[in-house]
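Reader: I'd like to walk through this one with you. Could you put it up, and then we'll start with the ligand?

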Amino acid sequence: MTFKKYFIFILIAGFAFLNASAQEKYIKRVDFEEGETLQSKIHKAARVVPTQQQLNWQKLEMTAFIHFGINTFTGREWGDGSESPEIFNPSELDARQWVKSLKEGGMKMVILTAKHHDGFCLWPTKTTDHSVASSPWKNGNGDIVKELKDACDEFGMKFGVYLSPWDRNAECYGDSPAYNQFFLDQLTELLTWYGKVDEVWFDGANGEGPNGKKQIYDWSAYYKKIEELQPEAVVAIMGEDVRWVGTETGYGRETEWSVTALAPGGTSEMKAINQELDLNAQSKDLGSRELIKKAEHLFWFPAEVDVSIRPGWFYHEEEDSRVKSLAKMVDIYYNSVGMNAVLLLNVPPDKRGLIHENDVAVLKKLKTYIDKTFENNLMQGATFAPELQTQTIPADNLYGAAWKTPRIPVSAEASLQGTKTFNVVLLQEDITKGQRVEEFCVEAWINNGWKTIATSTTIGYKKLLRVPETTTNKVRLTIHKSRDKAIISNFGIFQAPEILSDPVILRNKKGEVVFTTETAHPVIRYTLDGSEPTASSMEYTGPFILESGGTVKARAFINNFEEQSSIVTRVFYINKSKWAVTDYSTQHEGYPATNAIDGNESTMWHTPWGENVDKHPHHITVDMGEKLKINGFYYSPRAGENKSGTIARYSFFISKNGKKWTKIKDNAEFSNIANNPIRQEVTFNKTCKARFFKLVSHEGAYNEAWISVGEIGVMNVK
Ligand code: FUL
């Protein structure tokens, strides 16, 4: 991670008398010469390698995030810094329980939000009073960073700190030199008071916007400090070692290059490089040949997939029933670890200061499932076709020896030890030599012919592919395209156990509730009174009407009730059949305002976009046809990948008659919606009666003039 190391171009000449060939490597960075040919650039691209820290980090595969702090007690996702430390009082905080649970989930490192955007510090810092020292927890004598670090040491877990550069509490924020010093002091405390730190996480979020306080961060000084105090740590996101994958969904790219044209870190040099190429962490392509053609530098800058086990980053009681299921977590595993990235899974402790039982249960299931899947590599003992016999591809998960292909394209045919049945393929490149493979396929010998069972692009540190269940005695790996001879360190085939998928609960426009599952022929049992569905609850036999809303809980069973899925909960509010849009600011003809209340999240209201269009504020007024008791409202951003038009700041009004309005929320924010554009549920301070409501937008999440709305509605109570 040092700048020094950047420039080291290692040419380890072999001993001349042995006539060994020179081994060329570029640790973490390569700079091209002017006018360098594409061929020469690709030759070098194939030889960019990670630093030792980056390699160690990559091998962790699964790491954990702990979001804990003031927000845990306010129920918010972003605090504004005005919170009183008085409210911070976990009743049973037990960092050992966190680490134990995470370890049981297969996690190898824990990163704690030592300070989130609200500025509240979880350690007794000397830099501000806004910390645990001013809280009632342990009479102000507690230190969560220390408790966590001690627990990590006890359980052999690596340890990292998240220190938010954006600080909504610090008075000096915006006075750049003063805040930079303040931040360096905080960093120094964290990096010197607790022993070894393995990852430092700098968030990229800064929501102050154009009118807020503008802080110029001294990134170089921060990196220097880390290099000085914790030289073995990697620095993530706004750091120079680990890259944000670009979404908070848990899904990485299929083509995931660790060698990127995207420049790491926040220094002006790196910013300029990225501006020139119009690149950011969210760009689709960070490392293709087309991009390398234009690039002047390449970096080893591997992806980290951060995602929360719940919808939010912080604990919210109302999300207890929305902990991701085993099936979802396994999907995320294949799409992060299995897509050449490190998974950073957030598991937020609750108000007690404990990881909730529901999260603990899923963590355990996840590790058990992954261990079971990968315990038996069916490639073990395979023999390779003649030309490879002297050097077979390891199937040992050791990441030691590797097979260097004699040429490209190339095929490696393996005769298995007997007939095997599998549904997962694993491939790894030896990244200590670089990331090279650009296109490959895997075939199986079936009915006297080769049948393609998987094709993909990059491999990198690890690629996992789920394939249709295949029974064969021969498999073949073909590398069609690579930046140089490929160096494959592991080739595996595995049989993953089936997962009983959780039921999905939907309600259609008619108010009918429908359950579906991917598992064939499950029995689904459900309840409508909030109780846990058991084998003796009502059986689902077909759609049923839920006109005024309610809580539906369902669970699937197979094998005569021996196996059961997780419990799935959906809260439905009043059916919108009587609702009408009585007023709106403007609409694009293809996306009318009525789509915002049609009960269908995949249709949207969109105001006209482009240049010279109507700007904020936009608004929509809805008549619900009858007076209802409501205690909140929700806003679902548009469905699909494109989130343009997502609203970030809004006001919300209600009325009994559509004439006299009460403002319930004034220029409020949908916190973190730019990074995590999911359904937002806003609870009011008290239950109100209303027939009409009005949503007014003030600012978009992506600084656009227009807005889009997948769905809005109210949370009604009986
Ligand atoms: C984002 C933050 O704004 C969220 O609150 C959360 O900490 C996430 C990991 O990063 O940028």
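Reader: How far is an oxygen atom of the ligand from an N or O atom in the side chain of H67?

Author: This is a predicted model, where local features need pLDDT of at least 70, side-chain atom pairs count only at pLDDT 80 or more, and totals for chains, interfaces and linings use all residues. Residues are numbered from 1 along each chain as its sequence is written, and side-chain values use heavy atoms, with hydrogens and water left out. A polar contact here is a pair of N or O atoms within 3.5 Å; within protein, one must be able to donate a hydrogen and the other to accept it, and residues adjacent in sequence count only if both atoms are side-chain atoms. For H67 and the ligand oxygen, the distance is 2.6 Å.

Reader: What share of the ligand's area does the protein bury?

Author: D203 has a side-chain N or O atom 2.8 Å from a ligand oxygen, and for a polar side-chain atom of W78 the distance is 3.0 Å. Taken alone, the ligand exposes 290 Å² (Shrake-Rupley method, 1.4 Å probe; for residues, only the protein chains shown count as cover). Of that area, the protein buries 97%.

Reader: Which residue stands opposite I111 in strand 7?

Author: Strand 6 (residues 109-115) and strand 7 (residues 158-163) run parallel, joined by six bridges. Opposite I111 stands G160.

Reader: How many residues apart in sequence are the parts that K364 and E104 tie together?

Author: Their side chains meet in a salt bridge at 3.8 Å, N to O (the rule: a side-chain nitrogen of Lys or Arg within 4 Å of a carboxyl oxygen of Asp or Glu). K364 sits in helix 12 (residues 357-374) and E104 in helix 5 (residues 95-104), so the parts they tie together are separated in sequence by 260 residues.

Conventions:
Pairing = 2+ DSSP bridges. Helix = DSSP H or I, 4+ residues; strand = E, 2+ residues; numbered from the N terminus.
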